[in-house]
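Visitor: I'm new to this one. Could you walk me through how to read its features?

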Amino acid sequence: MDWVNILHAYQPPDWDPKIVDRVAHESYGPLAAFLEANAGVKVTLNLTGSLCEQLAARGQRGLLRRFGGLARRGQIEFMTTPKYHALLPLVTPEELGRQVAQNNEALHAYLGLPDAPTGFFPPE
């Protein structure tokens with residue numbers, strides 16, 4: 001049996017920007033630095049499109065480019081999810097499809113991912 005840890009990165013879209021900055025500085029940045037320094041380490045990451053938008057708006061496009069580069073190096077495998085962390089039993093199949101498509105578009109735009117993410121992270 002293989003065990004795969006999945007890292008989940010999400011901040012609510014209306015979150016306090018200072019908290020987003022702090023989490024980027026204390027968590028996401030150190031994660032990127034660790035992976036860059038340890039080329040043999042691989043992770044699966046669920047990074048929401050809404051968080052990508054927040055990070056870009058907060059001047060963290062460099063961090064997003066680093067994550068994209070780590071994906072191209074084969075160190076990060078991205079999963080997809082509903083863009084706004086929708087609770088799946090509470091949305092229609094059409095809304096779920098719309099949010100997943102928007103999430104994939106955001107990951108492509110902000111991370112430069114050439115392909116759709118593999119795997120699916122179901123929020124709560």
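Guide: A pocket is an open set of grid points where a 1.4 Å probe fits, with protein on both sides within 12 Å along at least five of seven lines. Rolling a probe the size of a water molecule over the atoms shows where empty space is left. Keep in mind that this is a predicted model.

Visitor: What volume does the largest pocket have?

Guide: The largest pocket comes out at about 200 Å³.

Visitor: And which element gives the most to the lining of the largest pocket?

Guide: That's β3, with three residues. Both α3 (61–72) and β3 supply at least two residues each. Among the lining residues are Ala-71, Arg-72, Ile-76, Glu-77 and Phe-78, and also Leu-113 and Pro-114. By type, the lining splits into seven nonpolar, one polar and three charged residues.

Visitor: How many residues does the largest nonpolar core have?

Guide: A nonpolar core is a set of buried residues such as Leu, Ile and Phe, joined through side-chain atoms within 4.5 Å. Here the largest one has 24 residues, and those with the most contacts inside it include Tyr-28, Ile-76, Phe-78 and Leu-111. α1 (17–37) gives the most to this core, with six residues.

Visitor: What is Leu-111 in contact with, leaving aside its neighbours within four places in sequence?

Guide: Leu-47, Leu-64, Phe-67, Gly-68, Arg-72, Phe-78 and Ala-106.

Visitor: Is His-85 buried or exposed?

Guide: Buried means under 20% relative accessible area. His-85 has 12% relative accessibility, so it counts as buried. You'll find His-85 in the loop between β3 (76–78) and α4 (93–111). Its phi is near 60 degrees, a positive value in a residue other than glycine.

Conventions. Residues numbered from 1 in each chain as written. Predicted model: local features only at pLDDT ≥ 70, side-chain atom pairs only at ≥ 80, totals over all residues. Heavy atoms only, no water. Helix = DSSP H or I, 4+ residues; strand = E, 2+ residues; numbered from the N terminus. Buried < 20%, exposed > 50% of the residue type's maximum accessible area, 1.4 Å probe, protein only. 1 Å grid on protein atoms, 1.4 Å probe; cavity = no way out; pocket = protein on both sides within 12 Å on 5 of 7 lines; lining within 4 Å. Points joined across faces, edges and corners; volume = space filled by probe spheres on them. Nonpolar A, V, L, I, M, F, W, Y, C, P; charged D, E, K, R; others polar. Contact = heavy atoms within 4.5 Å.
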